[in-house]
Amino acid sequence: NKRNDKNSTALIAAAMRGHTDIVVCLLEAKAAVNVITKKGDTALSLAIWKNHSETAIVLLDAKANPTNVDNYGDSVLHDLSRNDNIRVMLELLDCLKDPNFQPLNDDLSEKNTSASKTPRPKHLSVCGHCQETNCQLQNCSRCKDIAYCSRECQIKHWKLGHKLVCKPAKTTAAPIKPSSTPSPSNLTTTEKNEDGKRMMVVTGGPETLQRMVDVRNKKDMSPLSCAITSKKINMVRLLLDMKAEVTETELYQSYANPEMKSIVEKALEERKLPLFKDDTEETFLAKLASSSSSSSSSPSAASSLVSNPRSGPNNAPPAVWAAERGNVTVLTEIFKTHLKSLLDEDDRGWDPMLAAANGGRASALLLICEAWTRNDRQMQKELSREKVVEKYLKALGAAIAQQQTAAAMVLLSDSFLEALDISGEILDAAPLVALAVTTKNLTVLKELAEVGASVASKDSEGETALHIAIKQEKPSIKMIRVLLDNGAVIDEQALAIRGLD
């Protein structure tokens, strides 16, 4: 944990260079994960800035702080939007929306730094309860006048009498971010480190998620602005699905690209429309809550409510319609008490999973994944294993065909595969790899290979993904390299396509 004159540590240096194995070793050796440099960067923000996905995910698993804002007002969401890193963005958004998520506040415990000018006071060099000195100590977060070697010692000493004398220390809190940037109400500055840098402590939840999605830097640019100006269409779709704020600035920036403009304007139009034609969202939720409380006495009435009103041109039941529109609030309430709504279908035979996947509703798919995880035995009896696989493959195929990268990545996530017990062999039942190559989706292709899908399988015409890739007018070298690295075979047909012996 020793720091240089830039307040950087070995962990920060390794993370910035993408040395994931070294990062893992340092974390096992108790390296502080949330140290902030003089420029306001952390190991996580630098790993994301340099687009080192594996390193960033390791740091998130180690409870790195995803809410830090650097000296330019940029959050990690700004850099992810510029880099179009859908995979890490989904991991980060999943952390932020979890009410139980809280990063380590370990930047405050660092003592052995080259930046330190004064030694630690004697009374703070020994544990206030067990009197241990040969350990890493952390001050009481309230009075700052006593230190402890562990959480257990702090709790015991508090009960023994520290609570009678502990009073808040008189400190001046540094601003978390520039005044032009909205500050999440549940982000609090605890104290400055020895170089005067702020340390943000966050409790996850819907409010934190929304505020971080909308946070603006010193140039008044939000993550959505960065995605639009960088022409990252998939990231724009994901942020709009997460209900990112659209101001005149974002709307004006989208005019430079017709497709981008269409996506932004469609999202704004959808937000103005009510979910149900003849019923307000609030009224429907009130009826749903009322039916849930009386469902034991009248299960048929409760079942009727979650099947009506039918909406849209395909008479979609509420769960399917909410998934298609990406309405997380309604979908959450439906799944709380009516898990069988996962099986509801509209006139096309689309269930909530397929509707969300086809429309690129990543936020809805995350809820659907949680609902499938809570899948009860009654549903398992009603739905055969083959039917579950069929529904999943249809949804994933639709997401890839519609180039909804974020939705496809959610469906290929470990949590979704585990919830439905999907393996690489099952993925080979559909030409998903060939579809990813046809749509030139390198991100999804990499993820399919990562979860075990075979790149050597053939489609109905006897062509492999490699054949499709090299037949394209402008073959993608990166895509061909991924296929070859994961077992694609250069056969005579492949050579003939390119006119080679």
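**View 1. Tyr 392 is a buried residue of the predicted model.** The relative accessible area of Tyr 392 is 0%, where buried means under 20%, exposed over 50% and partly exposed in between (1.4 Å probe, protein chains only). The structure is a predicted model, in which local features need pLDDT of at least 70, side-chain atom pairs count only at pLDDT 80 or more, and totals for chains, interfaces and linings use all residues. Residues are numbered from 1 along each chain as its sequence is written, and side-chain values use heavy atoms, with hydrogens and water left out.

**View 2. Aromatic pairs occur in the structure.** Phe 276 and Phe 284 are both buried.

**View 3. Tyr 392 and Phe 416 form a tilted pair.** Their ring centres are 6.2 Å apart and their planes stand at 45°. Tyr 392 belongs to helix H20 (residues 385–401) and Phe 416 to helix H22, so the pair ties together parts that are 24 residues apart in sequence. Helices are DSSP runs (H or I, at least four residues), numbered from the N terminus. Phe 416 is buried, at 0% relative accessibility.

**View 4. Glu 418 is an exposed residue of helix H22.** Helix H22 comprises residues 414–420, and the relative accessibility of Glu 418 is 63%.

Conventions
Helices (H or I, at least four residues) and strands (E, at least two) are DSSP runs, numbered from the N terminus. Rings of Phe, Tyr and Trp (its six-membered ring) pair if their centres lie within 6.5 Å; planes under 30 degrees apart count as stacked, over 60 as edge-to-face and the rest as tilted.
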